[in-house]
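This report describes selected features of one protein chain.

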Amino acid sequence: QLLGWQADVEALGKVLAKGSKLPAFRFKSRNGEEVCDSDFQGKPLLVNFWASWENRSAGDMFRIKRLLRDNKEKIQGVSISLDVEDKGIKSIERRDTVWWPSYCDYQGWNGALVKQFAVRSIPYYILAGADGKVIAAGASYDKDIMPELDKLLEKEEKKTFFEQAEDAKNALEQAKTEEHAKTEGQTEIKNQAEAETSRAAEDQN
């Protein structure tokens, strides 16, 4: 039993080691949508394992809701429940208005994603960067995730600012190009009109 637990811990360390690629996953969410890891490419992702019967993980769902609500353009989320019955999940999801991808196969600790991610306790969180690599993982949202999350969001904020500045610059250049093309077109029309007027005058002479 002890050896089995040790093997699980070692597996968890390898699967979710900092800098490692987040395991590929695919599932049908509770609202019927097909979800896979490639859907989240290009934007940071927070994955949390939870259950309605585990008070701390259930309580953290509100914190995750607030995080995702306040940072929609900066981070995405996936919640994976270890419940074996639907009643508890519905109650929590209704209470916290869960709109992000949520999944449960009702297999508890025997669930496919639980085994794939080598999760042995809940709550459990994995924070991955926009490149799909693990930045942080652990059982404590405050100690394991928040320090790295704050840095990540600050980085995304700067990235968003520069992207917006770049978009504004490109829009201005596009407007100038269109205005220049419009001016050239008007000049060409004017020149053609003058040429036709000149030819008509010559024909009359």
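**The second largest pocket**

Nonpolar residues number six in the lining of the second largest pocket, alongside two polar residues and one charged residue. The model is a predicted one, and in it this second largest pocket holds about 150 Å³ of space.

Which residues line the second largest pocket? Phe 40, Leu 68, Lys 72, Ile 75, Gln 76 and Gly 77 belong to the lining, together with Trp 99, Trp 100 and Pro 101.

**The largest pocket**

For the largest pocket, the volume is about 180 Å³. Its lining comprises 14 residues, and Lys 21, Asp 37, Gln 41, Asp 131 and Gly 132 are the closest of these to the centre of the pocket. Divided by class, the residues lining the largest pocket are six nonpolar, four polar and four charged.

Is strand β3 enclosed or open to the outside? A residue counts as buried when its relative accessible area is under 20%. Six of the six residues of β3 are buried, and therefore the strand is largely enclosed by the rest of the structure. Leu 45, Val 47 and Phe 49 point to one side of β3, while Leu 46, Asn 48 and Trp 50 point the other way; all are buried.

Strand β3 has pairing partners in β4 and β6. With β4, β3 runs parallel, and six bridges join the two strands. Between them, the chain passes from β3 through helix α2, residues 55-70, to β4, in a β-α-β crossover that is right-handed. With β6, β3 pairs in the antiparallel sense over five bridges.

Leu 46 illustrates both pairings. In β4, the residue opposite Leu 46 is Gly 77, a residue that also lines the second largest pocket. In β6, Leu 46 has Leu 127 as its bridge partner.

**The nonpolar cores**

How many residues form the largest nonpolar core? This core has 23 residues, and those with the most contacts inside it are Leu 22, Phe 25, Phe 49, Phe 117 and Ile 126. At least two residues of the core come from each of β3 (45-50), β4 (76-81), α4 (112-116) and β6 (124-128).

Methods:
Residues are numbered from 1 along each chain as its sequence is written. This is a predicted model: local features need pLDDT of at least 70, side-chain atom pairs count only at pLDDT 80 or more; totals for chains, interfaces and linings use all residues. Side-chain values use heavy atoms; hydrogens and water are left out. A nonpolar core is a set of buried Ala, Val, Leu, Ile, Met, Phe, Trp, Tyr and Cys residues joined through side-chain atoms within 4.5 Å. Buried means under 20% relative accessible area, exposed over 50%, partly exposed in between (1.4 Å probe, protein chains only). Helices (H or I, at least four residues) and strands (E, at least two) are DSSP runs, numbered from the N terminus. On a 1 Å grid over the protein atoms alone, a cavity is a set of points where a 1.4 Å probe fits but cannot get out, and a pocket is an open set with protein on both sides within 12 Å along at least five of seven lines; lining residues have an atom within 4 Å of a point. Grid points are joined across faces, edges and corners, and a volume is the space filled by probe spheres set on the points. Ala, Val, Leu, Ile, Met, Phe, Trp, Tyr, Cys and Pro count as nonpolar, Asp, Glu, Lys and Arg as charged, and the others, Gly among them, as polar. Two strands pair if DSSP finds at least two bridges between them. A crossover is right-handed if, with the strands pointing away from the viewer, the path from the first strand over the helix to the second runs clockwise.
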